[in-house]
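Take a walk through this structure with the model open beside the text.

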Amino acid sequence: MKEERKTYCISHGKDVDGIASASIVKLANGGKTFLVNYDKIIETLENIPDNANVYVCDLGMNDSISERFIEECNRITKKGKFTYIDHHILKPSTKKKILKAKVKLIHSRKECAGVLTYELLKKKVPKEAAILACYAAITDYMDHQQIAKSLISNYDRQLVLLESTMLAYALAYDGAKPQFGNKIVDAFQELSFPHEIKDVPELANKQAERMKNIMKTVNKEAKSYKNFACMESSNPTIGLVANMIIGELNVPVAFAYRHNTINGHYEMSFRARYDSKAELGKIVARITPELGGMGGGHNKACGARIPDNKLNKFIKLFSAELNK
């Protein structure tokens, strides 16, 4: 008797886009979900059996992991299936190797991962699951894209904005811990709204209060440069702080950074206004390897990690890139 192929989904656990993607995969296929950050992709893949149906969602490739990732793709596709869904920058050479490994690649920078996942699997999930893709698009600042706009137009926009923000703020306050993210994925199997999920409204309110207090400190603590500003923050989700800097200081680009004293590095999150022409993902992906770090993402939102003794050098390189 042929062994049944089990589904495993590895998705970005730090934001709504990754969690929505994982929720849609589970709605379509069942199976086991792993919500991880970039540093856990390979470790998680290595523990997945050969004869598996694997989805990897909203986890961009960079040079530090791409070769090992492709090795795992080759291992799994010999007996199983592998689908990679992403919207981050993907080098043509890496894309070629992924396709050669017989991976089903769903990649576009025009829509967020949640929307791409929904479009791929929409025939296998209830039509109500489209709202999960809407949450992803709004919180990933890609709600103006063609498919996302069409999906959002089917709902009351204020409701979708409320639910999306509530979920993003709850995740931010909790620090996007995997156990909380998995609770969200499980609740989405019942197509619950974020406001109906235990702890989400309470945590979102706490994060809103936290953000109100951060607003008071930005003008005092943020450092302004020619066309960007930045500041250090202990907030678990520093991307929200970067957004706050843009609004408070009226700059086109901002980033916030948090010191990880245990590992000796800075975690960084970058944001740009819609009217900014800066391609943040490309800039960060280009300069972080020079400093022994890693990073990348979208034009308007991305992340990075650099050694903690390289911050001043990073700021100089980042400023030079923005001023080109």
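Predicted model: local features only at pLDDT ≥ 70, side-chain atom pairs only at ≥ 80, totals over all residues.

The tour goes from the sheet to its helices, then to a further helix and the aromatic rings.

Five strands make up an open sheet. Their order is β2-β1-β3-β4-β5, and they pair in parallel. β2 (32–36) and β5 (104–107) are the edge strands, each pairing on one side only. From one strand to the next, the twist averages 10 degrees.

Now look at β3 and β4. Strand β3 covers residues 52–57 and strand β4 covers residues 81–86. Five bridges join the two, which run parallel. Tyrosine 55 has threonine 83 of β4 standing opposite.

Helices pack on this sheet. Helix α3 (residues 66–77) touches β3 and β4. The direction of α3 makes about 140 degrees with that of β4. Helix α5 (residues 113–121) lies across β3, β4 and β5. Its angle to β4 is about 135 degrees.

Move on to helix α8, residues 157–174. How far apart should its ends be? With 18 residues at 1.5 Å a residue, α8 should span 26 Å. Several residues of α8 are buried, among them Val160, Glu163, Ser164, Met166 and Leu167. Ala170, Leu171, Ala172 and Asp174 are buried too. What do the buried residues of α8 pack against? Their partners are α1 (16–29), α6 (130–139), α9 (178–188), α10 (200–221) and α11 (238–249).

Finish with the aromatic rings. The structure holds 15 aromatic pairs. A pair of aromatic rings is described by the distance of the centres and the angle of the planes. Take tyrosine 225 and phenylalanine 228: their ring centres are 4.8 Å apart and their planes lie at 10 degrees. Planes under 30 degrees apart count as stacked, so this pair is stacked. Phenylalanine 228 has a relative accessible area of 0%, so it is buried.

Phenylalanine 314 and phenylalanine 318 form another stacked pair, at 5.6 Å centre to centre and 15 degrees between the planes. Both are buried. They sit four residues apart in helix α13 (residues 311–322), so about one helical turn separates them. An α-helix has 3.6 residues a turn, so residues three or four places apart point the same way.

Both pairs belong to one aromatic cluster: Tyr225, Phe228, Phe255, Tyr257, Tyr266, Phe270, Phe314 and Phe318.

Methods: Residues numbered from 1 in each chain as written. Heavy atoms only, no water. Pairing = 2+ DSSP bridges. Axes fitted to C-alpha atoms, helices over the stretch in contact; angles between N-to-C directions. Contact = heavy atoms within 4.5 Å. Expected span 1.5 Å × (residues − 1). Buried < 20%, exposed > 50% of the residue type's maximum accessible area, 1.4 Å probe, protein only. Phe/Tyr/Trp six-rings, centres within 6.5 Å; stacked < 30°, edge-to-face > 60°.
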